[in-house]
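Hi everyone, thanks for coming.

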Amino acid sequence: MEHRPDLGYFDEGQDLAAPAFFAEATAGAPRTLPPAAVRSLAFTRLEDEAVWTRDWICVGAHEAIPQVGDLLPFTVGTHGVHVQRTATGLAARFNKAQHGGCRVVPLQCQTGAKTKCSFTSCGYSRDRGAIPAQALGDGAPEMHQYLGLRPERLLTAQARSWGPLIFVNLDIAPVWAEASLQRLNRETGAFGNHKPHRSDEIWLEFNANWKLAAAALAAGRPVARDDEAGWIVSETETRDGGPARAAWLFPNLVLLSDETGTAVVALQPTAIGRTLCRVSVYGADPAGALDRWRSEIAARAAEGEAEHLALSRFGSTHRPETIGLPAPRQTSPVAAWMQATLAARVARAPLGPVDQPLFQNPKG
């Protein structure tokens, strides 16, 4: 598809959707992404089009919605969606109140940061946790925000399960790589009968762009990958010196696994430079292991925060000595893989006019 230069993905004098923007970040000896990729609102909008509305997004675990009628909200990019357990399985839908109670989206909600608002179903607001079925009865605010009076009329999304985890995809006819995900589980030993129980979920938030946060969490020595399915597995060590494996299923799922447990981290951008991590642990004693994995995640995320601070200020008056210099060399093989994966997503996104409107069923 011919690239269209009039679609608004411009910032800092750069065409953010052009192959040239990613050229040095995907070369044989790659540099980091250009700083605009971690500080530009226009780039977050490009990611919404090329990544969040087209990839499979991990939204949580089956244990979060155990009963029929339970509902799990998750904002995907700027789209408020939910997964509800029904008598026949999982139903993924766009929320009724996409823009809350507003006739138009207020300017303060268009800054790239998720706002605190009473309309938790709004695609520009922060999410709340899972909602039990009894809280969604007639007259309840949650019922009107998420389901409305006729849930069957809501626009639907795709839902799939991998192990205990739930994924959604907002695209029209996405491919679910079942065989590749089975291989991913074999490479990591993330899920199985040897890790039968799940801890409570905790939410941790870090001052780093989601890409840099995930790259730091999944850092290690790559040993396996599937570029088409979008995952990479690395050998690593935990802070206490134990062997582990780190896996990144692009874009938002990181798994940290050892023989006794698996930490599941579902990432969600809450601002251009801020990422929410929804963390739970699977194992024989997941509650006892949660604090250990929490410390491991915090230490890794701190490296992502430092990388974000350095890159977001690169070439600016905050770091005048870097103005006019090329971006630094990329030293992390996992981050280099992310850069190539992101560039491929942008390259294949339909950035020009198409006959089929997005988020609608294909024409018969």
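**A cavity and its surroundings**

The largest cavity in this model holds about 50 Å³ of space. Please keep in mind that we are looking at a predicted model. Searching the whole structure turns up one cavity of 30 Å³ or more.

So which residues line the largest cavity? The lining is made of Cys58, Gly60, Ala61, Leu165, Arg198, Glu201, Val264, Ala266, Arg278 and Ser280. Sorted by class, that lining comes to five nonpolar, two polar and three charged residues. For those of you who think in secondary structure, at least two lining residues come from each of strand S3 (57-61), strand S15 (261-271) and strand S16 (274-283). Of the contributors, S3 gives the most, with three residues.

Leu165 belongs to strand S8, residues 165-169, and five of the five residues in S8 are buried. Which way do the residues of S8 point? Leu165, Phe167 and Asn169 point one way, while Ile166 and Val168 point the other way, and all are buried.

Now for the partners of S8. S3, the strand that gives the most to the cavity lining, runs antiparallel to S8 and is joined to it by four bridges. Within that pairing, isoleucine 57 has valine 168 as its bridge partner in S8. Strand S7, residues 156-162, is also antiparallel to S8, with five bridges joining the two. Here arginine 160 is partnered with phenylalanine 167 in S8. S7 and S8 make a hairpin with two residues between them, and glycine 163 in the turn has a positive phi of about 60 degrees.

As background, most residues other than glycine have a negative phi, and most peptide bonds are trans. Glutamate 12 is not a glycine, yet its phi is positive, at about 55 degrees. You'll find glutamate 12 in the loop between strand S1 (10-11) and strand S2 (14-15). Is glutamate 12 buried or partly exposed? With a relative accessible area of 41%, glutamate 12 is partly exposed.

The other detail is a peptide bond: phenylalanine 250 and proline 251 are joined in cis, with omega about 5 degrees. Proline 251 lies in the loop between strand S13 (243-249) and strand S14 (253-257).

That's my tour, and I'm happy to go back to any part of it.

Key. Residues are numbered from 1 along each chain as its sequence is written. This is a predicted model: local features need pLDDT of at least 70, side-chain atom pairs count only at pLDDT 80 or more; totals for chains, interfaces and linings use all residues. Side-chain values use heavy atoms; hydrogens and water are left out. On a 1 Å grid over the protein atoms alone, a cavity is a set of points where a 1.4 Å probe fits but cannot get out, and a pocket is an open set with protein on both sides within 12 Å along at least five of seven lines; lining residues have an atom within 4 Å of a point. Grid points are joined across faces, edges and corners, and a volume is the space filled by probe spheres set on the points. Ala, Val, Leu, Ile, Met, Phe, Trp, Tyr, Cys and Pro count as nonpolar, Asp, Glu, Lys and Arg as charged, and the others, Gly among them, as polar. Buried means under 20% relative accessible area, exposed over 50%, partly exposed in between (1.4 Å probe, protein chains only). Two strands pair if DSSP finds at least two bridges between them.
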